[in-house]
Amino acid sequence: STATASTIDHGKQVASTLGDKTAELESVKSKLEEYKRLADTDPLTQVWNRRAFDAEIARIYNSNKGILFSALILADID
């Protein structure tokens with residue numbers, strides 16, 4: 001019974017540690033998404049910047065459907 005209790009306690013510790021690490025990972029993922037958003041937007045206008053444009057164009061041209069159903073419109077607002 002001592003071995004069983006020890007195994008149960010160890011299992012509880014592992015489950016607790018796993019839960020803590022999962023919460024920490026979710027926090028890191030959330031911060032990473034925020035940093036990606038900040039890196040892809042202009043701080044003044046909050047519009048996508050060149051980095052986001054390049055990523056979106058690559059995504060469109062890597063998809064056969066994207067090429068057929070996408071359009072590119074450019075506007076210079078300076």
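Tutor: Let us begin with a term: helices are DSSP runs of H or I with at least four residues, numbered from the N terminus. Please also keep in mind that this is a predicted model.

Student: In which helix does Glu34 lie?

Tutor: Glu34 lies in helix α1, and with a relative accessibility of 36% this residue counts as partly exposed, because that class runs between the limits of 20% for buried and 50% for exposed.

Student: How should I read a salt bridge, and how many does a search of the whole structure find?

Tutor: The general idea is that side chains of opposite charge can pair when their charged atoms come close. In this structure the search finds 6 salt bridges. One of them joins Glu24 and Lys21, whose closest N and O atoms are 3.9 Å apart, a distance that counts because the limit is 4 Å.

Student: Where do Glu24 and Lys21 lie?

Tutor: Both lie in helix α1, which covers residues 2-39, and they are 3 residues apart, about one turn of the helix. Glu24 itself is partly exposed, at 46% relative accessibility.

Student: Which residue forms a salt bridge with Asp54?

Tutor: The partner of Asp54 is Arg50, and the closest N and O atoms of this pair are 3.0 Å apart. The two residues are separated by about one helical turn, because they stand 4 residues apart in helix α2. Arg50 counts as exposed at 60% relative accessibility, whereas Asp54 is partly exposed with a relative accessible area of 36%.

Student: What does the salt bridge between Arg51 and Asp40 link?

Tutor: The side chains of Arg51 and Asp40 meet with a distance of 3.9 Å from N to O. This pair links distant parts of the chain, since Arg51 is in helix α2 and Asp40 is in the loop between α1 and α2, 11 residues apart. Arg51 is exposed, with a relative accessible area of 53%, while Asp40 is partly exposed at 24%.

Student: What volume does the largest pocket have, and which residues are closest to its centre?

Tutor: The largest pocket has a volume of about 510 Å³. It is lined by 21 residues, and those closest to its centre are Trp48, Asn49, Phe53, Ile57 and Leu72. Helix α2 (50-61) and helix α3 (64-68) each supply at least two residues of the lining, and the largest share, 7 residues, comes from α2. Sorted by class, the lining has 12 nonpolar, 4 polar and 5 charged residues.

Student: Which residues make the nonpolar surface patch?

Tutor: The patch is made by Phe53, Leu72 and Leu74, and it has an area of about 330 Å². Leu72 lies in the segment after α3 and is exposed, with a relative accessible area of 53%. Phe53 and Leu72 are also among the residues closest to the centre of the largest pocket.

Definitions and conventions
Residues are numbered from 1 along each chain as its sequence is written. This is a predicted model: local features need pLDDT of at least 70, side-chain atom pairs count only at pLDDT 80 or more; totals for chains, interfaces and linings use all residues. Side-chain values use heavy atoms; hydrogens and water are left out. On a 1 Å grid over the protein atoms alone, a cavity is a set of points where a 1.4 Å probe fits but cannot get out, and a pocket is an open set with protein on both sides within 12 Å along at least five of seven lines; lining residues have an atom within 4 Å of a point. Grid points are joined across faces, edges and corners, and a volume is the space filled by probe spheres set on the points. Ala, Val, Leu, Ile, Met, Phe, Trp, Tyr, Cys and Pro count as nonpolar, Asp, Glu, Lys and Arg as charged, and the others, Gly among them, as polar. Buried means under 20% relative accessible area, exposed over 50%, partly exposed in between (1.4 Å probe, protein chains only). Patches are made of residues with over 30% relative accessible area and no salt bridge: like charges are joined within 9 Å, nonpolar side chains (Val, Leu, Ile, Met, Phe, Trp, Tyr) within 5 Å. Accessible areas come from the Shrake-Rupley method with a 1.4 Å probe; for residues, only the protein chains shown count as cover.
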